[in-house]
Structure formats: C-alpha cells, structure tokens
Amino acid sequence: MNPFLALGQIIVSGALIAAILLQARGTGLSSTFGGDSAVYRSRRGIEKSLFRFTIVLGVLFVLFALVAFAQSSATTA
C-alpha cells in the first residue's frame with residue numbers, strides 16, 4: 001500500500017471521528033427513545049457546516065478505501 005494513501009486515510013478517519021463526536025446530541029435515533037422532544041429542528045450556522053463537513057469526510061474516506069482496494073488488487077494480480 002502506498003504510504004501517502006495510508007497516511008491520508010488515517011488523517012481522514014481521525015477527522016471523521018472528531019466530526020461525528022462534535023455533532024449535537026439528541027438529534028438522531030436517540031431522540032426516539034426519550035431524548036429531545038422537538039418534532040423538527042433544522043440545522044443552522046456552524047451545526048449545518050459541521051454536518052456538511054462530516055458528509056464530505058465520509059465520502060473522502062470511502063474514496064480512499066476504494067483507491068486502496070484498487071491498488072492492492074492491481075498489485076496482487
């Protein structure tokens with residue numbers, strides 16, 4: 001595996017973990033089981049930006065994984 005690819009995947013995965021942990025609590029499935037009682041709440045400001053940044057990081061992580069898989073299967077074949 002390319003060391004730059006591996007380092008990039010590690011950095012993106014760490015940033016993705018941090019972005020997920022920074023998300024507001026009570027906005028997901030946990031609110032179904034007695035969490036926040038708000039029926040609908042839209043994301044605004046920094047919360048919306050963090051949500052979009054998390055999606056971008058997730059896509060980047062998947063792309064890094066696919067490229068690493070393609071390189072490993074091309075190397076073994």
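Trainee: What should I know about the model before I read any values?
Mentor: It is a predicted model, in which local features need pLDDT of at least 70 and side-chain atom pairs count only at pLDDT 80 or more, while totals for chains, interfaces and linings use all residues. Residues are numbered from 1 along each chain as its sequence is written, and side-chain values use heavy atoms, with hydrogens and water left out.

Trainee: How many helices and strands are there in the protein chain?
Mentor: The protein chain has two helices and zero strands. Both terms refer to DSSP runs numbered from the N terminus, with helices being H or I of at least four residues and strands being E of at least two.

Trainee: What span should α1 have, at 1.5 Å a residue?
Mentor: Its 19 residues should span 27 Å, and the end C-alpha atoms are 27 Å apart, which agrees. The expected span is 1.5 Å times one less than the number of residues.

Trainee: And how far does α2 reach from its first C-alpha to its last?
Mentor: Helix α2, residues 46-76, reaches 45 Å with its 31 residues, close to the 45 Å expected.

Trainee: Which residues of α1 are buried?
Mentor: They are L5, G8, Q9, V12, L16 and A19. Buried means under 20% relative accessible area, exposed over 50%, and partly exposed in between, with a 1.4 Å probe and protein chains only.

Trainee: Why are they on the same side of α1?
Mentor: They cover an arc of only 100 degrees around the axis, which puts them on the same side of α1. The arc is that of the directions from the helix axis to the C-beta atoms. An α-helix has 3.6 residues a turn, so residues three or four places apart point the same way.

Trainee: What do the buried residues of α1 pack against?
Mentor: They pack against α2. The face of α1 turned away from its buried side carries the exposed residues P3, I10, I11, I17 and L21.

Trainee: Which residues of α2 are buried?
Mentor: E47, T54, L57 and A68 are the buried residues of α2, and what covers them includes α1.

Trainee: Why does T54 count as buried?
Mentor: T54 has a relative accessible area of 14%, so it is buried. Leaving aside neighbours within four places in sequence, T54 is in contact (heavy atoms within 4.5 Å) with L16, A19, I20 and Q23.

Trainee: Where does Q23 lie?
Mentor: Q23 lies in the loop between α1 and α2. Not counting residues up to four places away in sequence, Q23 touches L50, F51 and T54. The C-alpha atoms of Q23 and T54 are separated by 9.1 Å, although these residues are 31 apart along the chain.

Trainee: What about F51: which residues does it touch?
Mentor: With the residues up to four places away in sequence not counted, F51 touches Q23 and R43. F51 is found in helix α2 and is partly exposed, with a relative accessible area of 32%.

Trainee: Changing topic, how much of the protein chain is buried?
Mentor: Buried residues make up 14% of the 77 residues.

Trainee: And what does the accessible surface come to?
Mentor: The accessible surface of the protein chain comes to about 6,000 Å², of which 71% belongs to carbon and sulfur atoms. Accessible areas come from the Shrake-Rupley method with a 1.4 Å probe, and for residues only the protein chains shown count as cover.
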